[in-house]
Amino acid sequence: MPPTLKRKRSGSAASDSGSDASGSDASGSNKSSAAEWQGLDAAPDSQNAPPSSHAVKPPTGQELRNIKEATDLYRSSSFKFQIDALLPNVRPKYQHSQPLDAFLLALHKLLVDAPSVAPQHPLHASRSLSKKGIAVPYIRPLPTEDTNWKVAFDPPTDVVLVGSWPTRTSVKGKDALRYTVDIAVAMPPSLFQEKDYLNGRAFQKRAYYLATIAAALVGSKSSLPCEAFFESTSGDPRCTNLVLRPSDSSKEWSKLNVQIRIIPFLPESPIPLQRLSPSRSNLRTAAHEEETKEDATPIYNSAFMLMHTPKTHLLSVHALKQDVPAFTDALTLLRVWANQRGYGPGIRACVRGFEGKGMLWASILELLVHGEEPPPAGFGKASARRKPLGKGLSPYQLFKAALDFLARHRFGQDAVFVKSKDGHRFPPASYFSHEAVFVDSSSSVNLLAGVPLSSLDLLRHDAQATLDALDHSSLSEDPFQTVFLQDHRDVFGRFDVVLRVDVSSAEMRAKSAHLVADHGSVYNALLANLTSVLRRGLGNRAKAVAVLHPSSDVRPLTQALPSSSSVLYLGMILDTEHAFRLVDHGPSAEEQESESAKQFRDFWGDKAELRRFKDGSITESVVWDIKSADERVHVPAMIAKHLLQRHFSIGSDAVQTWQSQYDALLRAPDSIRSLYESRRASMGFKTAMAAFDTLVKQMKALDDQLPLAILNVSAASSALRYTEAFVPVAVPLASRPGLPSAASHLPAMEIVVEFEKSGRWPDDLRAVQKIKLAFFEQLATCLMGAVKGLQASVVLGDGPVRKEIQDEAALDIVTPDGWAFRARIWHDREATLLDRTIDPQPHVPKAVKKPLTPEEVRDRQAAIEAKEVYVRRFVHAPRHHRAVAALSHRSAAFAGTVRLVKRWFAAHWLLRSHVREEAVELLCAYVFLRTGARVQAEGAAGIVGADVPGTKERGFATVLEFLKEWDWTKGLVVPLEFGERDASVTPDASGRPSTRAAWSLVTEFDPEGRMWTSDGPDAIVARRVTALAKAAWDGLCGLESGDGNVKRLFHHPTDDYDFVVELNLALSPRYYQNVDADASVWAAKGKYANALPKEPVSAVMPGFDPMTMFHDDLKRTYEDTALLFYDVLGGSRIGGVWVPNLRTPRPFRVLGGFSSIPVPKDGNKQKEKSQGLVVLNENAVLAEIGQLGHGYVVKITQKGA
């Protein structure tokens, strides 16, 4: 008998449907066999199988169907495998619940056998319990001696296991929170009276009932190994429950990481339910008892109705689980998604309003499966009734349908009534006082009661962003990670504007006892009013304004009322099309006495004023004053601060923002700015581009004086596309004398000049370079003759060695206003000549070609290097410039994000020396475009994409978050539109980067992704970037506590360097750009601050930076010895790391490539085989660096010295 062949199964066998066929196949049963082929569903003929123990049978028909289903229903088969792997890891281990079951049985016995307590006055009852260490969690207003009702206790009529534990739909929470096992304890109806719905009387009796159970649990007669606490959902005293956690002595059920929550409820009561309609008023805050004069109490009534629903909700979820096979998995996915975004409990900041809303997620799925209860005519859109999707969807399809509902539904406008067996319990019109309406299938409670509309705006935004990620993810990023595994609660990476607010001293301007009573506490009423005011004040400036704070925590039984966090966060997601306008218009002058005008003036206070505008209209307006264009992005935060001050007496000292700290990093020190302003300097990107346009016109006006007419002048500088780290500054030439050397740097902006085509260009590469020099000389002469005060000079060389066939000549132009440009000439035939030198016979097979002579090899290598420079400088640089400039125009935050990220790379000694500026721009472009967003056609507004950062602060945080998680070994496809297409180029990041270029940034015109990374970063630097990004991200998250400054993210640690070279600060022309620049370095030292310098005025040299040149020389000289790092933006130190293998002893050889020293002898233990070994002579290299940098180097410090 041949050995039985068993088929190896993949994860796809465990399909969601759990069909019998795949289950039997996966079991490895060998009972079925067939003598002949019987179709796809039949087993293959084992007799014809090859005689090998590793033979694999063809897939059965069921397996093929499972594979196709995984692709069709789960986005991809790999996505389904990831879901299958995720689900067991976010659920409790129900099979280990035996100790918990035993505890629950003991708890049930204790509750049923609890002794009754006769009716007594609530104050007397609380005094007796306080002697036992139990505080009764009465709600406010507290009972008084004049209270005419009594409290009592009888054993519960029923004890029911409710919630997600009995239905096995529990999901792991965030921040290592425990799973919760809910036990509903039915309070006897005899304890309540018909009028108990008024003024919270039923909640007072519920509080005493709960306190009595707590006393029984912690009493001396109780033997249960647990600790008891009070917990109030969302900080509402009316929703106080009892939480049991295993004590230290109980190790059996503590392994489950669960807690038990006891919830008193009213399955039946003498209170008529019509009294709990959302439109009824059940609080008497006025002196009289006329119900018609009181406003509705929707939050109070919803809290009351929740006491009737625990068992109903349990049955509803159980029925869904039985009817819809995919319900459990879909609910798990939806709750994991929600938890990762703060729509659930957590220690970190969570979205306001979603605590204790677990039934909401199940009801959303129920709505999709069963459909919607039709509203009557005149209430919402009756025609827009949501049709059921059916019960046969996969978990992923149900999950995505839920996201689609959340992304599309207008919560503030359209009410939702889940399909109910008995129709509407309350008239739909009675929900008018609720901000948002989502009534469950029992038609008892509005599940969105107490959820601010601003939080629902954020929920809608997050759902749309997730759909974008699922539908439009790039090839380089797995959407599963983003959707289910990534924690999105980090406020700086989530919101465009973040405010940290201390509300400990807040007072509502419009105090309302009714509002406080309806929301259960002053704190909850304050937050409800605050979110409403901010949402109204910001209007269409913000897509979402969310209040975030930690969820409610347990408290000891001695504490009656819950405590609330005094610090909360306000997060704004901006609509950049409207967010930064400076004027808000109100009613016109003709409506001065109208109610709307009075409300407008009352809302805005002293900021509201009558103004006449250019079109002649006179309206009530609010104008936000700014001092500079950079402050325009502060307008939303300014609005929030004003409203907090006016309506809640929260001063500016209690509100913290970080925008100004980021701005300071991109701005010269105030003393330098004052110096520039006193010399009438020109500043700004638009001013620089205006100077460029002027220069282009001046150059094109010289066509009659040049041998060839200028066809085009292209910009290729970050200063001309808004992405230079510092704002361009130009000091007029006449005002430059006397500038401190630490602020004398004059950056040169690269431009490319293209002349009209001509056949008179030589065919010799060396002659082409000579012709370029002649053109530059003629152009310089003509420009200086045509523009008074303009300076132009021809410069040569990109390094210490001249390369005759490489483009090295340039023309430095300094305008009278002080703008500097470096022009280069693009001759398209140069590429053809270089190709001929590289391969003079491209059509001859390589095997037939003659071997090259040493001279031809040198010429070929020189041509390859020259071609790389040519392609980068004249082809890719202008194209890259146009694409990035277009993205800067379409996105308000992109340019600022790039500037901050460049500043960060430079502050950590990486920019330009290891990471090109263009590579940084591509990384930022990827972050802005990765979810399918695209730069729109000319004339269109903005970038399409729900999760595109709206401010530079959020953009910077998002880039850091990406860098810390990016697997750079797989490359990156940047979906940047260049405005022109090449069908022969297909972006693909699958190729592994070379050993020198660790990063591969693939674009439409750079399929290999090496154009801007061929010189670095290498693998060492790439790992360094990842480590720095992780540390910066941790520091950014640490700012949430309110301590520290943004600047610390830009402080570079030097502990990992083998040596650090200290430089002379006074000789650095860019020192003023240093993160920690010392103003005393450039402060005037003489008696008179405005005295002219005694030393002769040096010539203007655009782009001259001796410190960067010194670093470049060291890097070139010691390329094989050490890895050097330097901050090109005013750095004061150079860090170095020795090449590791040079510290390992090796045999001496002549021209070894590094300075070496014999291995020191170790006494008599020196072995003969180790004689003649050498290692790196570190001291000699450092001494050479000191000599090379004489005058520039102040000190060299070695690690450990």
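Visitor: Is Lys772 buried or exposed?
Guide: Lys772 counts as buried, at 0% relative accessibility. Buried means under 20% relative accessible area, exposed over 50%, and partly exposed in between (1.4 Å probe, protein chains only). Bear in mind that this is a predicted model, where local features need pLDDT of at least 70, side-chain atom pairs count only at pLDDT 80 or more, and totals for chains, interfaces and linings use all residues. Residues are numbered from 1 along each chain as its sequence is written, and side-chain values use heavy atoms, with hydrogens and water left out.

Visitor: OK, which residue forms a salt bridge with Lys772?
Guide: Asp807, with the closest N and O atoms 2.6 Å apart. A salt bridge here is a side-chain nitrogen of Lys or Arg within 4 Å of a carboxyl oxygen of Asp or Glu.

Visitor: And how buried is Asp807?
Guide: Asp807 has a relative accessible area of 3%.

Visitor: How many salt bridges does that rule give?
Guide: The count comes to 57.

Visitor: What about Glu921, which residue does it pair with?
Guide: Glu921 forms a salt bridge with Arg721, closest N and O atoms 3.1 Å apart. Both Glu921 and Arg721 are buried.

Visitor: Switching topic: what does Glu231 meet in a salt bridge?
Guide: The side chain of Arg261, at 3.7 Å, N to O. Glu231 is buried too, with a relative accessible area of 9%.

Visitor: Which residues are linked in a network of salt bridges?
Guide: Lys174, Asp175, Arg348, Asp487, Arg489, Asp490 and Glu1040.
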